[in-house]
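Biologist: Before we look at anything in detail, I would like to learn how to read a model of this kind. Could you take me through it feature by feature?

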Amino acid sequence: MLLNTKDILLTAQKEQYGVAAFNVYSLETLQAVIRVAEAENHPVIIALGERYFDTVDVEGFAALTKVLAEKSTIPIALHLDHAYQKQSVIRAINCGFTSVMFDGSKYDLEKNISYTKEIVKIAHMAGVSVEAEIGSVARGAFSDEEDGDGTLTDPQDAKKFVEETGVDFLAAAIGTVHGMYTGEPNINLALLEEIQQSVSIPLVLHGGSGTPEHVMKRAVEKGICKVNVNTEVSIAATSYLKQVLKEEETMHLSDVMAGMQQAIEPVIAKFIQVLKK
């Protein structure tokens with residue numbers, strides 16, 4: 001069933017578990033996420049970043065996701081990840097996304113508040129929930145995200161931001177990275193606890209890939225309700241494709257894509273299992 005992302009996360013916040021948001025780009029990756037989530041009987045968020053708009057037909061992707069979600073018995077949300085343009089947000093709202101993320105983290109706090117407030121007004125009129133970000137998640141290895149400077153979220157800034165914008169959930173920068181870590185992860189859970197005490201809305205952890213499982217579990221205990229995952233699933237898919245094409249001189253595309261779908265399912269399952277209560 002397709003639900004508003006806010007409803008899914010408020011339930012997760014109340015019952016103290018996390019929900020994974022997987023960036024997907026194709027039928028095979030979409031089916032893999034939903035199939036694993038159904039097997040685990042756990043909600044899931046399907047995410048598509050603005051950066052993929054050039055290669056993925058957004059309206060077609062939304063329609064496909066909604067059809068598969070309505071056939072499913074688990075709660076599923078459709079989320080626009082890291083949008084920087086107002087027009088991208090409006091496009092996602094118009095084709096049925098249940099939440100949008102406006103990323104104004106590159107701006108100073110006051111500009112971020114101003115721009116985000118406008119997005120919140122537009123989205124809420126359509127019954128769509130909004131995620132925003134303050135601080136900045138740095139870029140790690142194998143990421144296709146934009147560079148961030150790694151500035152950690154200030155709890156008092158978070159409080160001011162949430163109160164003035166009316167956002168529904170907040171991405172907190174606590175030391176995770178987009179992509180994979182190039183050294184030992186340095187994730188500030190004490191800061192997360194301070195942020196949780198400053199705001200009442202669900203918190204989001206960007207950079208789930210490569211983050212130690214025990215850290216994710218602790219993060220959920222301290223207010224994280226949504227964990228974004230992209231790179232680790234992508235690496236599992238491309239590693240499978242490289243290996244099978246090396247071993248098999250000729251294969252039918254349908255067999256290759258079916259194998260890729262099976263190859264990423266254990267990675268998807270790992271994140272869902274870690275975040276379950």
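**Reading the model**

Modeller: Leaving aside neighbours within four places in sequence, G208 is in contact with M216, V227, N228 and F271. Please keep in mind that this is a predicted model.

Biologist: Where does G208 lie, and is it buried or exposed?

Modeller: G208 sits in the loop between β9 (203-205) and α8 (213-221), and with a relative accessible area of 0% it is buried. In UniProt, an unreviewed entry lists G208 under "binding site", together with G179, G207, S209, N228, V229, N230 and T231.

Biologist: How should I read a helix, and which residues of α4 are buried?

Modeller: An α-helix has 3.6 residues a turn, so residues three or four places apart point the same way. In α4 (residues 86-94), the buried residues are S88, V89, A92 and I93. Seen down the axis of α4, these residues fall within an arc of 135 degrees, so they line one face of the helix. On the other side of α4, Q87 and N94 are exposed, while the cover over its buried residues includes β3 (76-83), β4 (99-102) and α5 (109-125). Just after α4, G96 takes a positive phi of about 105 degrees.

Biologist: What does M260 touch, leaving out residues up to four places away in sequence?

Modeller: M260, which is in helix α10 (residues 253-275), touches E28, T29, A237, Y240 and L241 when those neighbours are not counted. At 6% relative accessibility, M260 counts as buried.

Biologist: How should I treat the confidence values, and over which residues is the pLDDT below 50?

Modeller: Where pLDDT is low, the predicted coordinates should not be read in detail. The protein chain averages a pLDDT of 90, and 91% of the residues score at least 70. Over residues 139-143, however, the pLDDT is below 50, although this stretch has 19 contacts in the model beyond near neighbours in sequence.

How values were computed:
Residues numbered from 1 in each chain as written. Predicted model: local features only at pLDDT ≥ 70, side-chain atom pairs only at ≥ 80, totals over all residues. Heavy atoms only, no water. UniProt positions renumbered as here; feature names shortened; annotations may be inferred. Helix = DSSP H or I, 4+ residues; strand = E, 2+ residues; numbered from the N terminus. Buried < 20%, exposed > 50% of the residue type's maximum accessible area, 1.4 Å probe, protein only. Contact = heavy atoms within 4.5 Å. pLDDT = per-residue confidence, 0-100. Arc of directions from axis to C-beta.
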